[in-house]
Amino acid sequence: MIGSYDTTVARWGSPDAPITISERGRLFLETEVGVPTPTPVVDRSDVKVPASQLSEAARSALADAVGVDALSEADDERLAHAGGFSYLDLVDRRDGDSALPDAIVRPASSDDVAQLLAACVAHDVAVVPFGGGTSVVGGVRPERGPHSAVIAAAFDRMAELVDVDNVNMTATVGPGMTGPTLERLLGARGLTLGHFPQSWERASIGGYVATRSAGQASSGYGRSDDMVEALRVMTPQGEMVLGRAPGSAAGPDLRQLFIGSEGAFGIITEVTLRVRSQPQERRYEGVMFPSYELGLEAFREIAARRTQPDVMRLSDPQETSSTLAMGTDGAVAAVLDGYLKLRRAANGALAIFGWEGTRTQVGARRDETWRVIRAHKGVALGQRVGSSWEHARFSGPYLRDVLMDEGYLVETLETAIRWRDLPALRESVTNALKESLHDDGPGPFVMSHLSHVYETGGSLYITVVARRDAGNSREQWLAAKAAACDAIVASGATITHHHAVGRDHAPWLKDEIGQTGIDLLHVVKTQLDPDGILNPGVLIGT
């Protein structure tokens, strides 16, 4: 069911408890960023919805494919599928100025999807696969391209748990299944997927796979692409059923064509995932390192020992100070504040470690981790700090809504690089954002954390807060985004670690995979989707 425009279309949603900015937080923002001009969400009555561009013939064919009741051109439905949750997507919806799909279709089976694609080809209609709608890179923006109309294909009627195999330790699900629902169903069987991206409350399993999503516990459980055992994918040229063994040498792994392809090559209709037993014990702790550099070296050594915690997160001094100022847990703030005053460590770096498993596993891995932490002068902040992070880890999007109400630009970027080059990457991207978004105030404020760890390197997750230029919002962010992406490419890092390419990163993909790589993807696109109806503009552009 669609909620109000203000709460479920122009915002992430309604939090369980109100999100407010404390006086300490407000002072921090005004000191570091400046005083903004509030920018409330436009009233729904002021949002103009253009007429659907579906022809009568296309409408009839789509209704035949999925059923009359599974096709909607209602204004509120179209508004609810007007893109994802990037800063620019939200600005457009808050201003009442989004591009809209011409209709929403809800297939209920792989056969429905096959008929839907045939109808779209026959009537020149572009189709955007729409799971939870959480893309932050323009991946679900309803772009018509050269076609006569564009529809969003929603998968809430393909959200079933098809099978759970306790011997093979797999679960087979429909693409519309959400993370919370899957965890609830698996939990009743003593199992877990272990995948918890920040978008977990809204994101779909099909979306996980289509974007190569990484979760907050991916250092231990693996990324979503590590979890995929098998796929069913429908393309305009027919169905592909991929993945029949836990390992195979039968040529290139064709699953990888569709994992991360964002619906450009086909629509995922079923996923078989590797699952694990629910952990007997979870232990999350906070640690403070006297400097970011010591923390980074500790993280590198922990990863090299191959006994790393499931969650490893290292905030730079800027994010550490933001956590202290903006956090809502008074006890945690007191702990952090006390440490910084006692140690006089203005450059302290907060780390979160989380271990899950049997008591024996948690104990052994924790002991190994703490040997490294102590060797790098890390100080225990206790389980209260770790548990506070765990309980608040999905609250970021709600806080962004509040900050945007205040008039702030709030956006994130992410990338990954090998250990040796990580400090220079952080400095380069930070400087690019500061130079691009500098105004006559003290801001912008740029902070980051090491979010995912590998033996050879890590992922850097950057957040920027600036004052929104209300009359120039799109150009303001596009210039900053381009500067940051140019810095990422120049540093030799990947243009995206887990947000995917979408439309927003497509201009930089050639820098990463070369013209031959782009040409290869175009060949695949032409072979599987010769009419170009599948999500025009994503991945390889138009």
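Student: Which helix is Arg359 found in?
Tutor: Arg359 is in helix α15. Keep in mind that we're looking at a predicted model.
Student: Okay, and is Arg359 buried or exposed?
Tutor: Exposed, because its relative accessibility comes to 64% and the cut-off for exposed is over 50%.
Student: What does Arg359 touch, leaving aside its neighbours within four places in sequence?
Tutor: Gln280 and Glu281. Glu281 sits 78 residues away from Arg359 in sequence, yet the two C-alpha atoms are 5.9 Å apart.
Student: And what does α15 as a whole pack on?
Tutor: Let me start with the sheet. It's an open one of 7 strands, ordered β15-β12-β14-β13-β17-β18-β16, and the pairing is antiparallel. Helix α15, residues 359–375, packs on that sheet and touches β12 (281–289), β14 and β15. The helix direction makes about 155° with that of β14.
Student: Which strands stand at the edges?
Tutor: β15 (379–382) and β16 (408–418). Each has a single partner strand, so one side of each is left without a neighbour in the sheet.
Student: How much are neighbouring strands turned against each other?
Tutor: By 20° on average, with direction ignored.
Student: Let's stay with β16. How many bridges does it make with β18?
Tutor: 11 bridges, in the antiparallel sense, with β18 covering residues 457–467.
Student: Switching to rings. How many aromatic pairs does the structure hold?
Tutor: 8. One of them is Phe299 with Phe353: the ring centres are 5.2 Å apart and the planes are at 45°, so the pair counts as tilted.
Student: Where do those two sit in the chain?
Tutor: Phe299 is in helix α12 (residues 292–304) and Phe353 is in strand β14 (residues 349–357). They're 54 residues apart, and the pair links distant parts of the chain. Both Phe299 and Phe353 are buried.
Student: Which residues form an aromatic cluster?
Tutor: Phe196, Trp200 and Phe394 form one. Phe196 also has a charge over its ring: the charged end of Arg393 sits there, 5.0 Å from the ring centre.
Student: What about Arg202, which ring does its charged end sit over?
Tutor: The ring of Trp12, at 5.4 Å from the centre.
Student: New topic: α6. How far does that helix reach?
Tutor: α6 spans residues 110–122, so to speak 13 residues, and reaches 18 Å from its first C-alpha to its last. That's close to the 18 Å expected at 1.5 Å a residue.
Student: Which of the residues of α6 are buried?
Tutor: Ser110, Asp112, Val113, Leu116, Leu117, Ala119 and Cys120.
Student: And what follows α6?
Tutor: Asp124 follows α6, and its phi is positive, near 55°.
Student: What's phi like at Ala500?
Tutor: Positive, near 85°, in a residue other than glycine. Ala500 lies in the loop between α19 and α20 (506–528). Ala500 is buried, with a relative accessible area of 7%.
Student: Last one, Leu539. Where does it lie?
Tutor: In the segment after α20. Leu539 isn't a glycine, but its phi is positive, about 70°. Leu539 is buried, at a relative accessible area of 7%.
Student: Great, I'll go and look at those spots now.

Definitions and conventions:
Residues numbered from 1 in each chain as written. Predicted model: local features only at pLDDT ≥ 70, side-chain atom pairs only at ≥ 80, totals over all residues. Heavy atoms only, no water. Phe/Tyr/Trp six-rings, centres within 6.5 Å; stacked < 30°, edge-to-face > 60°. Helix = DSSP H or I, 4+ residues; strand = E, 2+ residues; numbered from the N terminus. Buried < 20%, exposed > 50% of the residue type's maximum accessible area, 1.4 Å probe, protein only. Lys NZ or Arg CZ within 6 Å of the ring centre and 35° of its normal. Expected span 1.5 Å × (residues − 1). Pairing = 2+ DSSP bridges. Axes fitted to C-alpha atoms, helices over the stretch in contact; angles between N-to-C directions. Contact = heavy atoms within 4.5 Å.
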